[in-house]
Amino acid sequence: MNTVFEKMEYCAAHAASNDSVTLANIIAFLRDDNWRVRYAAAIALGDRRDPQAMPALVELFESESKEPLFSQPELHGGIHAGSTESLTLEFPEGTTDELKEIWRRRGRVLQAACLAIGNIGQADAAALGYLHRFALEQSYDYGIRAAACKALAQLAIPESLPILELAAKDEEWCTKTEAKKGLPGYTP
Amino acid sequence: MKQPFYIDDLAELREKLSHAENDGELMGRVWNSVKRRARKAPEKFPWFTPFVALITGEKDDIENAKDAVRNYVATMDPQSFGMGLQFHFWCFAFPHARWSLYFHWLAGMEVWEPEEEKEIREALLTFQYINFFYGMRTKPEPECVDNQTMSLCFSNALLGHLFNESAMAQRMYTDGIRRLPSLIGGMPPSGYSGEGSTYMDAVVGPSIPFIVELLERTEGGNWFNKTLPPASGNAEAICRMIAREWMPNGLLLPWDHYGYSQPVRSCVAYAAHRSADPFYGELLEQQANWAVDQSIGWGFDDLIWSLIWWPKNNCQDKATFKSWCEPEVGAALISDDAQLYLMQMWDESTPHFPTRAHVNPNAIVLTAYGSPLTVDGTPDKDCTAFNYDDTWREVSFMDLGTTRKFNFGVGCGGGHSVILVDKWEGMRAFSEYPQSTLIAASLDEKSVITDVTPIYKERFTDAITVRRRSRLIEERFWLIEDLASFTQPHEVGARFFLRPQQIDAKRGISVETAEGVRLSLLPLVGPDSSKVTPIKGYPERLDGASLLVDFTQQGRECRWLWLAFPEATREVVQDVSGEWYAVPDAEKNQDVASILELFFQQATMVSLTVPPYMQRNLPVVQRWWFRRTINVPAATASWLRLPKQMFNLQLWINGEIVDVSSHTMRMNLLEPEIELPAKFFGTEIDVIICCDAGDSQYGPDGHEGSGFYGKPVILVAQDAPGVEFADYQDNTVIVRSGKNEWIVKHNLMEI
């Protein structure tokens, strides 16, 4: 299990397991250098629904939210979806490979971690604090806001209701729909 | 070799295409043109190459297909930094699914080296997992039913199935396939998604064959005719609606955001494959424009999937366009000869921000003799006519590092041919409720009445009744009746968006289209005071302009009874589509003097209906020259109709250049009719044409690979006496035009 793909596969392959060895390995993958592995690990932990993953997911929230995930400026160059034309982009001077990786991932790892906590069905104060923040954070991509709202709706904790009420007014449809699902009396 | 996914019997498909090709059937000609382009210009038609490789099995075709897949894979990482992939990922999910499918086909042919196959497989799977599985997971389930979610769920289900030896693939499959039935079932029974013809035709419709066939192959059973929860949607109904959006003039209904556009064919071919309704075959065999390389699901393989689903021996008896009515959505009243077409629409609009499902309560679309008479669509970037004060919106979820401010006024009531109250052009709903009710419809009598009071009553609480009734009378003209009643007086406006060329009229308003079709629109009941405002830049297609016509009246009970009387002022007298000499100009360095010599040296005789390389084994180049002589009849006026989509058209008659610039925009959708100077009447003329054909699905000026399409003819003026008398008395409409008189019973609607 050396490549990024193999590690991602390992996470997915053990998403339905319930043994401690694979759980420990997947939790360890939450700290992998490659974000794709972290992303796959968070998805797998959500599928496993094991509360033992909570501290590592909170740690992931903390480390990910310190990164400049949404700092990419618009770049020159572009092609159609599905195109086979070659594409060359002009990056700002000084753009490092590390920064490119951050721009590639944006909120993917955060989204997977939010959804994982929603699936686990429990959140400690730290996790809840992050979910509340992400649900309303307008500088984040909507995929994170919507995931945080979805998780809060699944958790159904009364202290989240004011947050969900605010998020239900989000300008973005998926976010506000997920938020509304956590409010009393919601019917699809 | 494994059977390629979605194709149960490759040998049978090969035999079908070979047979059609040898017999000169339309299907065979389409297949031939696809194969030729894939072979002669594979880098320009990458979407054709995997299918051609699959059918021919020839080494060069396989190498072309492998290169196309490699080139696609090479784009994936750079796309990660694009606004498109990050914010509009569904547009990338659907083509990614098909490139993955094509890779899988080639893998089944065992044409990859193991190392490269593993590398590409892992790259495709990883890209799907980090982008489209990610994207799908925050599309609310089950609430979100639209083209975006279809694209995302389908792509996850398909890759999940194709690569099911992978644990990630299995994970994607689980969530993707679970949601697919509810995406079909979440559509209304009408089959109309509410997103307009473009999204219906370009994404929702084309996704149906892929989804249905995937469900049938993985879950078993018949998913085409099955009515599904939660909203009783049905795949067959979606296909039927795709066919119904197809107007007799070859354009799609200008329904909601994008306006008139060209139909796609693969969904219709699939419906022909699954249904006994001969109308699908009629569309394929008689109505379709096979030169256009229309995008489906953000990829250029509509022709490929048309060929896959197109039934063998489909040359059925000619079917006809028939009137239809969907109680939740709208009705089309179509004359028996398909020359007159009216659609009245009342589909639900989106509350607050109607950017896709527009506010069009009882809006009217009129088409006659092949020519659109009303317009709808979207304005160009310079047109500010719909920037109403109360319809601005600023959002931050659509772009990288910036917000986007835009005005959605064109989606509101003011952007449509509807009733407006107290000059509120930003008219829209602000909450969810049933916005309309079909009151009566008769397809035999070709009439429809629909009530749209609720959407007026939300703002104007004293609204009692707002209704429109449309009738096609004796296969010759329309009566359109409006009723708007309130408990308090209001200013009520009847708004129409018409083609831009106004002509003199004693009553009402009259326009004459560039195709020589007139519409006289005049009130038989209700005041005839109107304001006419030319709108430049709306719609952005067709003429790039329109007339906004507002009739107004004040009161508690406001009524109009409109006579809408169309007339064709030209008739076809001569077919001049054949016997054109054609010369390619690959370098684009010829002029009208130098080309003359080449006509003598190397011309090929073709018909001027589609680009030569779609007919014969000729070079796939962009620029072509054509020449033939034509006998112009002795007439009072005459026109030369040419195919649509002749890009950069230039025309010379007897060596003199003819200005065709006024047709440039319009001929993207309609065949231009170019007026011939009077000095040529009764003479033989030498016609030279130079034009470009789309020769690349992505290249600059490649026009997405679309070639021209049509049938050159000569037209002359025909008598069009107009409305000489029209009156409404004693519940009777009397109309006289030339030697014809119509006496029609018509009782006004009751409140």
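Predicted model: local features only at pLDDT ≥ 70, side-chain atom pairs only at ≥ 80, totals over all residues.

Residues are numbered from 1 along each chain as its sequence is written, while chains are lettered from A and ligands numbered from 1 in the order in which they are written.

Visitor: How many helices and strands does chain A have?
Guide: Helices (H or I, at least four residues) and strands (E, at least two) are DSSP runs, numbered from the N terminus. Along the sequence, the pattern of chain A is α-α-α-α-α-α-α-α-α-α. The count for chain A is therefore 10 helices and zero strands.

Visitor: What radius of gyration does chain A have, and why does it agree with a compact globule?
Guide: The radius of gyration is taken over C-alpha atoms, and the globule rule is 2.2 Å times the number of residues to the power 0.38. Because chain A has 188 residues, a compact globule would have a value near 16 Å, with which the computed one agrees. The radius of gyration of chain A is 18 Å.

Visitor: How many residues of α3(A) are buried?
Guide: A residue is buried if 20 or more other C-beta atoms, placed from the backbone, lie within 10 Å of its own, exposed if 12 or fewer, and partly exposed in between. In chain A, buried residues make up 50% of the 188 residues. Helix α3(A) is mostly covered, and its buried residues number 14 of 14.

Visitor: How far apart are the end C-alpha atoms of α3(A)?
Guide: The expected span of a helix is 1.5 Å times one less than its number of residues. For the 14 residues of α3(A) this should give 20 Å, and the model agrees. The end C-alpha atoms of α3(A) lie apart by 20 Å.

Visitor: How many residues of chain A are in contact with chain B?
Guide: Two residues are in contact if their C-beta atoms, placed from the backbone, lie within 7 Å. On the side of chain B, 42 residues take part, and on the side of chain A, 41. Helices that each supply at least two residues of that side of chain A include α3 (35-48) and α8 (142-155).

Visitor: Which strand is joined to β14(B) by 17 bridges?
Guide: Two strands pair if DSSP finds at least two bridges between them. Strand β10 (residues 419-421) of chain B pairs with β14(B) in the antiparallel sense over three bridges, and 10 bridges join β14(B) to β13 (residues 463-473) of chain B, also antiparallel. The strand joined to β14(B) by 17 bridges, again antiparallel, is β19 (residues 545-568) of chain B.

Visitor: Why is β14(B) described as largely enclosed?
Guide: The strand covers residues 477-498 of chain B. It is largely enclosed by the rest of the structure because, of its 22 residues, the number buried is 18.

Visitor: Which residue of β29(B) stands opposite L640(B)?
Guide: Strand β24 (residues 638-641) of chain B and β29(B) pair in the antiparallel sense over four bridges. Strand β20 (residues 570-575) of chain B is joined to β29(B) by five bridges, also antiparallel, and there Q574(B) has I714(B) as its bridge partner. The residue opposite L640(B) is likewise I714(B).

Visitor: How many C-beta neighbours does V735(B) have inside 10 Å?
Guide: V735(B) lies in strand β31 (residues 732-737) of chain B. Residues that V735(B) touches include F477(B) and W742(B). V735(B) counts as buried because its C-beta neighbours inside 10 Å number 23.

Terms used
Lists of a residue's contacts leave out its neighbours within four places in sequence.
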